[in-house]
Amino acid sequence: MDDEALATALRTFRDSGLLILPGVFDADRVATLRSAYDDLLRAELGQDLGDGTGRETGRDTSGRVQPTDGRKHVQMQLPLVPPFSDVETIAHPLLLRVLTAILGDGLHCSYYNSNTAFPGSTYQRVHRDAGPVFGADLGVPTPTTAVVVNIPLCDFTRENGSTEVWPASHLIVDSVQDAGVDLTTRAQALASARMDVPAGAAVIRDLRLWHRGVPNESAGARSMLAVVYQRAWLSWRAPSLRVPAATWQAWPDHVRSIFSAAPVDAEDGDRPDV
Ligand SMILES: O=C(O)CCC(=O)C(=O)O
């Protein structure tokens with residue numbers, strides 16, 4: 001990506017709150033991630049994934065999988081082990097270049113999750129993943145402080161439930177009278193788009209952007225990784241984020257820095273040299 005393309009990408013992201021980077025991951029990487037992901041989800045739920053019997057309200061025994069809003073939508077926390085912890089997955093050079101331009105030096109990963117819409121899923125409520133970092137009192141939108149990177153594990157289509165998004169809604173700061181009206185009602189008056197992207201793309205979304213999961217009318221599960229990166233000075237991080245010692249040892253320094261806020265699990269009781 002040359003400087004001009006980067007400038008266009010950043011402007012698009014600032015204007016819309018969303019940026020699609022096609023062709024970041026090659027077919028082999030997507031296939032490897034998909035296979036490891038499906039194995040994990042199948043093991044956690046103890047069931048076939050494509051049969052539409054995705055657990056609706058229950059919780060798997062390890063607590064790694066949780067239902068989200070709407071029927072047949074689940075989220076699953078991912079372990080920082082290969083291939084999920086591979087540098088090419090979580091710190092791909094192109095992705096890092098764009099993320100650093102958005103979030104500044106010293107950005108860190110605070111959450112490693114995923115979303116699956118099973119066949120037969122329903123509409124979620126329109127929601128934001130995070131509100132304005134300084135609250136609504138300021139009354140004006142502030143620059144992006146955190147993004148989620150979605151990595152689709154299959155082509156996302158209208159049929160299998162490509163996520164619905166409201167471009168530029170990351171810049172909406174609620175007034176006192178608006179704050180009491182739910183976003184699903186407010187969104188009816190606004191134009192939305194669908195995240196129809198091929199596998200191999202990375203989608204960077206401002207956490208404030210309004211969005212929702214939608215019905216999956218295909219016969220197979222539709223899954224994406226969801227990795228949150230944020231500015232160096234934001235201290236929030238998911239309690240679930242832990243780095244196995246072997247992963248820490250395998251990472252180069254610049255990737256360790258991205259995960260430096262997460263605890264490292266030591267195999268021998270010693271904290272690895274951080
Ligand atoms: O799976 C999707 O398309 C969106 C999921 C989502 O936004 C959620 O579960 O909070």
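Start with Asn115 and the ligand. In this predicted model, an N or O atom in the Asn115 side chain is 3.4 Å from an oxygen atom of the ligand. Now select Gln124. An N or O atom of its side chain is 2.9 Å from a ligand oxygen. Then pick His127. Its side chain also has an N or O atom 2.9 Å from an oxygen of the ligand. On its own, the ligand has 300 Å² of accessible area, and the protein covers 90% of that.

**The shell around the ligand**

Select Thr68, Asn115, Gln124, His127, Thr163, His211, Gly213, Arg222 and Met224. These are the residues around the ligand. Colour them by class. The shell has seven polar residues, one nonpolar residue and one charged residue.

**The largest pocket**

Where does the ligand sit? The space it takes is the largest pocket. Rolling a probe the size of a water molecule over the atoms shows where empty space is left. The volume of the largest pocket is about 640 Å³. Its lining is made of 35 residues. To find the centre, select Tyr111, Asp129, Arg205, Leu207 and His211, the lining residues that lie nearest to it. His211 is also one of the residues around the ligand.

Colour the whole lining by class. You get 14 nonpolar, 15 polar and six charged residues.

**The second largest pocket**

Move on to the second largest pocket, which holds about 210 Å³ of space. It is lined by 13 residues. Select Arg64, Gln77, Leu78, Pro79 and Ser240, which are the closest to its centre. By class, this lining has six nonpolar, four polar and three charged residues.

**Two backbone stops**

Most residues other than glycine have a negative phi, and most peptide bonds are trans. Keep that in mind for the last two stops.

Go to Lys72, in the loop between strand 2 (65–67) and strand 3.

Finish at Pro83. Look for this residue in the loop between strand 3 and helix 3 (87–90). Is the peptide bond from Pro82 to Pro83 cis or trans? That bond is cis, with omega near 0°.

Terms used:
Residues are numbered from 1 along each chain as its sequence is written. This is a predicted model: local features need pLDDT of at least 70, side-chain atom pairs count only at pLDDT 80 or more; totals for chains, interfaces and linings use all residues. Side-chain values use heavy atoms; hydrogens and water are left out. A residue is near a molecule or strand if one of its heavy atoms lies within 4 Å of it. A polar contact is a pair of N or O atoms within 3.5 Å; within protein, one must be able to donate a hydrogen and the other to accept it, and residues adjacent in sequence count only if both atoms are side-chain atoms. Accessible areas come from the Shrake-Rupley method with a 1.4 Å probe; for residues, only the protein chains shown count as cover. On a 1 Å grid over the protein atoms alone, a cavity is a set of points where a 1.4 Å probe fits but cannot get out, and a pocket is an open set with protein on both sides within 12 Å along at least five of seven lines; lining residues have an atom within 4 Å of a point. A molecule sits in a cavity or pocket if more than half of its atoms lie within 2 Å of its grid points. Ala, Val, Leu, Ile, Met, Phe, Trp, Tyr, Cys and Pro count as nonpolar, Asp, Glu, Lys and Arg as charged, and the others, Gly among them, as polar. Grid points are joined across faces, edges and corners, and a volume is the space filled by probe spheres set on the points. Helices (H or I, at least four residues) and strands (E, at least two) are DSSP runs, numbered from the N terminus.
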